[in-house]
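Biologist: Hi! Could you walk me through a few packing details in this one?
Modeller: Happy to, let me bring it up.

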Amino acid sequence: MGLTAALFILLIAIQHYMPKPIDWSVTYNATSKSPYGCYVLNELNETIFPQQKMSNNEASFFVSLDSSSTETKNIIVITSDFDPDPYDLKALLRFVSNGNNLFISSDNMGHAFLDTLDLKLNTSLIDTSVFKPGEEILYLHNSSLKNDSGFHFQRRMPQVSFSAFDSMHTVRLGSNEKGAANFICTRLGMGKIYLHTQPLVFTNYHLLYGNVEYASAALSYLPIRQTIWDNYYKPGRILNTSPVRYILSQAPLRNAYYLLLLTLLLYMVLESKRRQRIIPVIQPKENQSLKFIKTIGSLYFKQHNNSDLAKKKIIFFKEFLRERYYITQLSTSNESIKQIAAKSGISNKQIKKLMESAHYYENAREVTDGGLIELNRRIELFYEQCL
């Protein structure tokens, strides 16, 4: 017994003090300190963007971008897959056309986004370049930024480049060691869009152990103005916000949670074998409302008394106004119409037509089929649209 307890304590101590494995998942998160997070870049914002006001974007661009603002801004998007929906794409293009700048670094971009800018991306279905030994070399073409020997990185990156673009409106800013363009700038209205296909260069690993000068030089194309750092278009941004998410993120809590689920499952299996008293099936009572409505409808149809039907519709309408809006005095006066419109949320013009029809058919001796149908249509439309 003592030996078992000692081994159990030893196992707990080993798991507690053993080093945690490195998380190599690609997140591009500004708060992530994993190799492929962007914590270091976020900390270097004041160095890379001196005297610039930085803000974070946590929502879609359709929601967050203010089209009425006259202040020009920059937006920086660093992600593994940039594929905005039609609403976000429209908001972004309008934002850039108004004189703002957009910087996107992603190794995969949506077809709608590329087609809008008349671009083509060269990617392979299975990219094995990241598994090859050796280093990655990237080049910048600007004479004040370029390095003749290129910018060297210790780990290989996905080989993604632009295979086609409009040279009349687009400028090559950088390329990979094969000479393929991986960094371009295209004009749109009064603004510019910078597109970069190697987002890994902005992650913690490559800034600390690679080439921080390249990242700084690439971002230096953005002018000195307010800059928005996007946190919405990140891998796995749709997360489960339930308390279970935190439990599963902590190893001790996760093990206890799974043990609890296993215990509950065993309890349910064992308890299900107990004999239970048969519960008698009680048939629900038949609803006779539909038969009653059909009978009343057939009676009115045979009588063809449109005038009586119109008066009853108007009585029910008045009762509806009295119960819901506490309106007892009805007339075609402007005061009454404004009162009903204010409480129901329907326009004065529609209320006026309804009240005039109700007043007419309430006093009419004969009502045609078309008149009855029109009165019923106006009343039912009121029921559908009222608050």
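Modeller: This is a predicted model. Let's start with helix α14 and helix α15 (residues 369-385), which pack at an angle of about 140 degrees with their axes 10 Å apart.

Biologist: Thanks! And what do we call the orientation of α14 and α15 to each other?
Modeller: Oblique. The cut-off for roughly antiparallel is over 145 degrees, and the angle here is about 140 degrees, so α14 and α15 count as oblique.

Biologist: Is the crossing of α14 and α15 left-handed or right-handed?
Modeller: α14 and α15 cross in the left-handed sense.

Biologist: Which residues in α14 and α15 meet?
Modeller: From α14 you have Q350, I351, K353, L354, S357, A358 and Y361. They meet G371, L375, R378, I379, L381, F382 and Q385 in α15. Sorted by class, that contact has eight nonpolar, four polar and two charged residues.

Biologist: Nice. How does α13 cross α14, at roughly what angle?
Modeller: Helix α13 (residues 334-344) and helix α14 (residues 348-363) cross at roughly 125 degrees, and their axes come within 9 Å. α13 and α14 are therefore oblique to each other. The crossing of α13 past α14 is right-handed.

Biologist: And which residues of α13 and α14 meet there?
Modeller: I337, K338, I340, A341 and S344 of α13 meet N348, I351, K352 and M355 of α14. By class, this contact has five nonpolar, two polar and two charged residues. Notice I351: this α14 residue is listed in the contact with α13 and also in the contact with α15.

Biologist: Switching topic: how many residues of strand β2 are buried?
Modeller: Six of the six, so β2 (residues 73-78) is largely enclosed by the rest of the structure.

Biologist: What strands does β2 pair with, then?
Modeller: Strand β11 (residues 226-230) runs parallel to β2 and is joined to it by four bridges. Strand β3 (residues 101-105) also pairs with β2 in the parallel sense, over five bridges.

Biologist: What are the bridge partners of I75?
Modeller: In β11 the partner of I75 is I228, and in β3 it is L102.

Methods. Residues numbered from 1 in each chain as written. Predicted model: local features only at pLDDT ≥ 70, side-chain atom pairs only at ≥ 80, totals over all residues. Heavy atoms only, no water. Axes fitted to C-alpha atoms, helices over the stretch in contact; angles between N-to-C directions. Helix = DSSP H or I, 4+ residues; strand = E, 2+ residues; numbered from the N terminus. Parallel < 35°, antiparallel > 145°, perpendicular 65-115°, else oblique. Left-handed = near helix turned anticlockwise from the far one by under 90°. Contact = heavy atoms within 4.5 Å. Nonpolar A, V, L, I, M, F, W, Y, C, P; charged D, E, K, R; others polar. Buried < 20%, exposed > 50% of the residue type's maximum accessible area, 1.4 Å probe, protein only. Pairing = 2+ DSSP bridges.
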